[in-house]
Amino acid sequence: MNSKSISSVEVVLQKLEYYCSYQERCHVEVQEKLRTFDISEHDRNRVIVHLIEHNFLNEERFASVFSISKFHQKKWGKNRIKIELKARKISDYLITKALNEIPSDEYETTFDQLSEKCWESITEKNTLKKRKKFCDYLLRKGWESDLIYEKVKELESN
């Protein structure tokens, strides 16, 4: 059965409840998923309201889980997490709240471990090229530039 041919709102509702309970979702992801079903705009809005009322859809919970999991699993810094949440149209208030849930001591420890591992893995002999590779890697991961530059000076002096 093609998802485009599904027209019953109840069936769509059931599918979206499963979609949201399987993994935390943001409003943008749910709206994209809803577009794959052949239902009216009014029915799409009814589905979203139902998901919010029954706590299947919660942007604050999504932002919190997203930031903690990307930090732990992918070792992303706060800048990258913030950019990714903004791309999902999460409010600045919820982004700030979610980022504040990352323990600062764990954040620093993770940064130190990641940066030292990265520094030692770069085999480049040229100091400037090594520094650039190091900084580029950590900037891509979303770590703050002041932390990176402070760390590179520390590692170069060892």
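User: Which helix does E150 lie in?

Analyst: Happy to start there. This is a predicted model, and in it E150 lies in helix α9, residues 145–157.

User: Why is E150 called exposed?

Analyst: The label exposed calls for a relative accessible area over 50%. E150 has 59%, so E150 is exposed.

User: How far apart are the C-alpha atoms of E150 and E32?

Analyst: They are separated by 42 Å, and the two residues are 118 residues apart along the chain.

User: How do you know that the span of α3 agrees with what a helix should have?

Analyst: Helix α3 runs over residues 41–53, which makes 13 residues. At 1.5 Å a residue, α3 should span 18 Å, and its end C-alpha atoms are 18 Å apart, so the two values agree.

User: Which residues of α3 are buried, and what puts them on the same side?

Analyst: D43, R44, V47, I48, H50 and L51 are buried, each with under 20% relative accessible area. They cover an arc of only 160° around the axis, which is why they sit on the same side of α3.

User: What makes up the largest nonpolar core?

Analyst: This core has 28 residues, and I81, L85, I90, F134, L138, W143 and I148 touch the most other members. The elements giving two or more residues are α4 (59–74), α5 (78–87), α6 (92–100), α7 (104–121), α8 (127–140) and α9. Of these, α7 gives the most, with 5 residues.

User: What is F134 in contact with, leaving aside its neighbours within four places in sequence?

Analyst: F134 is in contact with S115, C118, W119, I122, I148, K151, V152 and L155. Contact here is a matter of heavy atoms within 4.5 Å. Another core, of 14 residues, lies apart from the largest one, and V12, L13, L34 and L57 are among its members.

User: Which residues line the largest pocket, and where does the largest share of the lining come from?

Analyst: Q23, E24, E29, F62, V65, F66, K70 and R88 line the pocket. The largest share, 4 residues, comes from α4. About 150 Å³ of space lies in this pocket.

Methods
Residues numbered from 1 in each chain as written. Predicted model: local features only at pLDDT ≥ 70, side-chain atom pairs only at ≥ 80, totals over all residues. Heavy atoms only, no water. Expected span 1.5 Å × (residues − 1). Buried < 20%, exposed > 50% of the residue type's maximum accessible area, 1.4 Å probe, protein only. Arc of directions from axis to C-beta. Core = buried A, V, L, I, M, F, W, Y, C linked by side-chain atoms within 4.5 Å. 1 Å grid on protein atoms, 1.4 Å probe; cavity = no way out; pocket = protein on both sides within 12 Å on 5 of 7 lines; lining within 4 Å. Points joined across faces, edges and corners; volume = space filled by probe spheres on them.
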